[in-house]
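Hi,

Here is the model I promised to pass on.

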Amino acid sequence: MTAKAISQGILRAVGILVGIALVLYFLYQIQSVLAYLAFAAVIALIGRPIVFFLRRRMKFPNTIAVIITMIFMVGILGGIIALFVPLITEQGKNLSLLNIDELQRNLNALYTQTTGYLGASPQVVNELIEESDIEKNILQGLNVGFIPNFLNSFLDTLSTLSIGLFSVLFISFFFLKDSKLFQRGILAFVPNDKETGTVKSIDKINNLLSRYFVGLLLQIFVLFVIYTITLVLVGIENAIVIAFLCALFNIIPYVGPIIGGVIMIVLTMTTNLGLDFSTIILPKTGYVLIGLTIGQLVDNFFSQPLIFSNSVKSHPLEIFLIIIIAGLLFGVVGMIVAVPGYTAIKVILKEFLAENKIVKSLTQNL
């Protein structure tokens with residue numbers, strides 16, 4: 001090999017690395033657009049069965065079916081937002097600058113009632129904490145003054161979110177109207193001899209993920225019903241809103257149900273502040289905990305196996321390992337996208353590497 005060939009090889013390698021770096025930098029700069037495309041794709045997959053139903057059963061034209069589907073989904077989104085307005089309005093009083101002291105007193109009152117019921121005075125707890133090298137009581141040292149700043153930041157980003165919502169809905173409309181739009185975009189980068197296999201993979205992925213996201217909505221709905229019944233029976237204000245919020249956290253595998261459960265228990269206790277702890281707050285919290293347990297049992301033994309086995313054709317243990325690995329590598333976002341991403345990879349591997357022994361064992365149910 002001559003020096004000229006070596007130098008050309010080095011230059012080619014450097015050029016490839018520079019090209020990859022530029023592409024990654026470009027993708028980083030347009031990450032918001034990529035997020036819009038991802039959300040729009042999910043909405044399109046969820047709305048896909050509705051469009052098919054309107055076109056095939058109701059004999060609607062494609063455009064009319066898509067418009068009706070988008071109106072239906074926007075209506076659901078508007079209803080969800082409307083549900084949160086009373087809760088936000090009510091809780092906003094406690095989160096305003098004028099009521100920070102009141103919120104601090106309520107938290108301290110709940111802390112005092114809890115420690116009193118457990119037979120330990122705040123002074124004893126503080127002494128134990130100081131002996132364990134913790135300088136102050138967490139609740140006493142809690143600075144809730146950050147909450148108004150957080151709300152201000154939230155309002156500042158509201159305009160950005162509205163632009164994002166419009167973009168997502170706009171893109172979703174065309175994804176639903178022309179189901180081959182995304183496919184043609186991918187085929188532009190695929191060699192001619194691979195187009196047939198790519199088309200089959202895309203169609204299979206669309207079918208599986210559409211069933212998965214619809215199943216996920218069913219999973220959230222089941223939890224929402226159980227949580228709502230529990231909170232209504234216990235007599236918690238804004239039961240529907242709290243139940244929906246806690247059920248929505250179930251989108252995050254394994255971690256989400258814990259977060260939702262903690263939120264539900266905390267809201268149950270704080271909405272009953274001022275009442276007797278042992279005869280009212282504690283029993284209501286116990287009933288809510290029972291409802292949470294029933295919801296999670298139904299979810300773990302009915303909803304999740306149904307979704308994983310019938311939609312993405314994967315074993316629950318297989319899904320568990322994939323979610324854990326994705327969570328360790330990419331955090332919460334990785335846990336959320338682990339199942340659809342893994343499903344897409346399996347379909348592609350089966351189409352192009354069907355004879356591989358490992359691929360064959362992993363994709364035998366597809």
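Below is what I found, going from the record to single residues.

Some ground rules: this is a predicted model, with local features needing pLDDT of at least 70 and side-chain atom pairs counting only at pLDDT 80 or more, while totals for chains, interfaces and linings use all residues. Residues are numbered from 1 along each chain as its sequence is written, and side-chain values use heavy atoms, leaving out hydrogens and water.

The UniProt record, an unreviewed entry, annotates "transmembrane region" over residues 9-28, 34-54, 66-88, 158-176, 212-234, 240-267 and 319-342. These positions are in the numbering used here, feature names are shortened, and annotations may be inferred rather than shown by experiment. In the model, residues 9-28 are 100% helix and 0% strand, with end C-alpha atoms 28 Å apart. Residues 212-234 are also 100% helix and 0% strand, and there the end C-alpha atoms are 33 Å apart. (Helices are DSSP runs of H or I with at least four residues, strands are runs of E with at least two, and both are numbered from the N terminus.)

Next, helix H2, residues 31-56. Its 26 residues reach 37 Å from first C-alpha to last, close to the expected 38 Å (1.5 Å times one less than the number of residues). H2 bends by about 40° at Gly47, with Pro49 following within four residues; the bend is the angle between axes fitted to the seven residues ending there and the seven starting there. Gly47 is among the buried residues of H2, which also include Ile46 and Arg48 (buried is under 20% relative accessible area, exposed over 50%, partly exposed in between, with a 1.4 Å probe and protein chains only).

How many salt bridges does the whole structure have? The search finds 1, between the side chains of Glu318 and Lys346 at 3.5 Å, N to O. (The criterion is a side-chain nitrogen of Lys or Arg within 4 Å of a carboxyl oxygen of Asp or Glu.) Both partners are buried: Glu318 at 17% relative accessibility and Lys346 at 3%.

Finally, Gly295 in helix H11 (residues 277-310). Gly295 counts as buried because its relative accessibility is 0%. Setting aside neighbours within four places in sequence, Gly295 contacts Leu223, Ile226 and Tyr227 (heavy atoms within 4.5 Å). Its C-alpha is 9.7 Å from that of Thr230, 65 residues apart along the chain.

Cheers
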